[in-house]
Amino acid sequence: MFDARHLRVLRAVAATGSFSAAARELGLTQPAVSQQMKALEQTAATPLLVRAGRELRLTEAGEALVRHAGGILAGLAAAEDEVAALAGLRAGRVRLVSFPSGSSTIVPGALAAMREAHPGTRISLVDAEPPRSVEMLREGECEIALAFHYPPAGGTVPERGADAAAAGGGPVGDPVDGWDGLVLRPLLADRLLCLVPEGHPAAAAGRVELAELAAQPVIAGCPRCRRHLVELCERAGFAPRIDFATDDYPAVVGLVRAGLGTAVLPGLAVRAVPPRGVVTVPLTPEARREVVALTLPDLARVPAVAAMLDRLAAAAKDARDA
């Protein structure tokens with residue numbers, strides 16, 4: 001049988017290209033990495049790596065084992081967490097990955113509530129935008145991924161989430177940004193808002209028509225948000241003039257405050273960095289992104305993961321009502 005420690009070492013060697021780099025990443029010595037790889041090859045009864053000059057390359061068997069390693073390690077993590085949870089959530093862990101504006105708005109309240117209710121559960125947080133966060137979930141690097149999806153015109157994230165929310169979410173039956181086969185917990189619909197400088201005509205009007213953006217420079221946010229903004233404008237019959245693009249939200253606010261353009265950001269991003277010296281107005285017609293929590297079907301049955309999903313849903317409701 002394969003040893004999980006050996007599989008982690010193989011993945012690190014495959015990702016870094018050398019024993020020494022893998023050792024640094026894993027906090028091991030180079031001889032320890034070499035010994036574990038030898039042990040894994042003995043278990044596999046076939047070479048997994050070949051040396052080509054100064055480079056290490058995977059054999060076909062090594063490539064196959066690396067492909068399966070993520071799922072194997074995720075399954076082991078689920079088993080470890082579920083067994084620990086039998087002690088009544090006095091142990092276990094939940095590793096959470098979230099996009100930045102979710103990390104600063106939804107996540108803090110959820111983590112605080114989880115820690116208060118289950119102080120023995122270890123909780124960690126790492127920032128990553130989708131689709132990388134979804135990849136991390138599938139590769140066994142986290143138990144829950146917060147992600148978002150921009151529905152097509154007139155569309156929403158499939159309704160399985162609405163019916164399944166009370167039961168903790170449901171499997172996604174069709175591909176949505178690579179979400180197929182995952183368990184989805186709907187959190188909130190995050191409306192897009194327009195940021196304009198003080199004194200801008202839209203500040204007095206209290207809203208901005210999407211078509212008005214055709215006549216002024218636009219400051220765009222993160223790559224996915226930027227792409228969605230371009231699609232919205234193209235459906236309205238024009239290509240936006242994007243002079244500045246940054247996923248640093250304070251920078252976006254500063255550029256708008258300096259009168260260099262208007263910006264369109266999701267509501268959570270605006271809440272994460274309260275804008276000073278600018279005015280936030282609704283965008284019409286209304287556009288939004290769907291924010292969800294994702295996990296694997298096996299992990300959804302782990303009590304600590306289910307409890308964390310409940311805390312995220314409650315924190316998202318507070319964010320909606322704020």
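Reader: Why is Arg5 called exposed?

Author: In this predicted model, Arg5 has a relative accessibility of 51%. Exposed means over 50%, so Arg5 counts as exposed.

Reader: What makes Asp3 partly exposed?

Author: Asp3 stands at 24% relative accessibility. Buried requires under 20% and exposed over 50%, so Asp3, at 24%, counts as partly exposed.

Reader: How do you know that the side chains of Arg5 and Asp3 meet in a salt bridge?

Author: The N to O distance between their side chains is 2.9 Å. The cut-off is within 4 Å, so the pair of Arg5 and Asp3 qualifies as a salt bridge.

Reader: What makes the pair of Arg185 and Asp310 a link between distant parts of the chain?

Author: Arg185 belongs to strand 7 (residues 183-197) and Asp310 to helix 14, 125 residues apart. Their side chains form a salt bridge at 3.1 Å, N to O.

Reader: Is Arg185 buried or exposed?

Author: Its relative accessible area is 8%. Buried means under 20%, so Arg185 is buried. Asp310, at 38%, counts as partly exposed.

Reader: Which parts does the salt bridge of Arg289 and Asp190 tie together?

Author: The side chains of Arg289 and Asp190 meet at 2.9 Å, N to O. Arg289 lies in strand 13 (residues 288-295) and Asp190 in strand 7, so the bridge ties together parts 99 residues apart in sequence. Both Arg289 and Asp190 are buried.

Reader: Why is Cys233 called buried?

Author: Cys233 has a relative accessible area of 0%, and buried means under 20%. Cys225, with 9%, is buried as well. The structure holds 0 disulfides.

Terms used
Residues numbered from 1 in each chain as written. Predicted model: local features only at pLDDT ≥ 70, side-chain atom pairs only at ≥ 80, totals over all residues. Heavy atoms only, no water. Disulfide = S-S within 2.5 Å. Buried < 20%, exposed > 50% of the residue type's maximum accessible area, 1.4 Å probe, protein only. Helix = DSSP H or I, 4+ residues; strand = E, 2+ residues; numbered from the N terminus.
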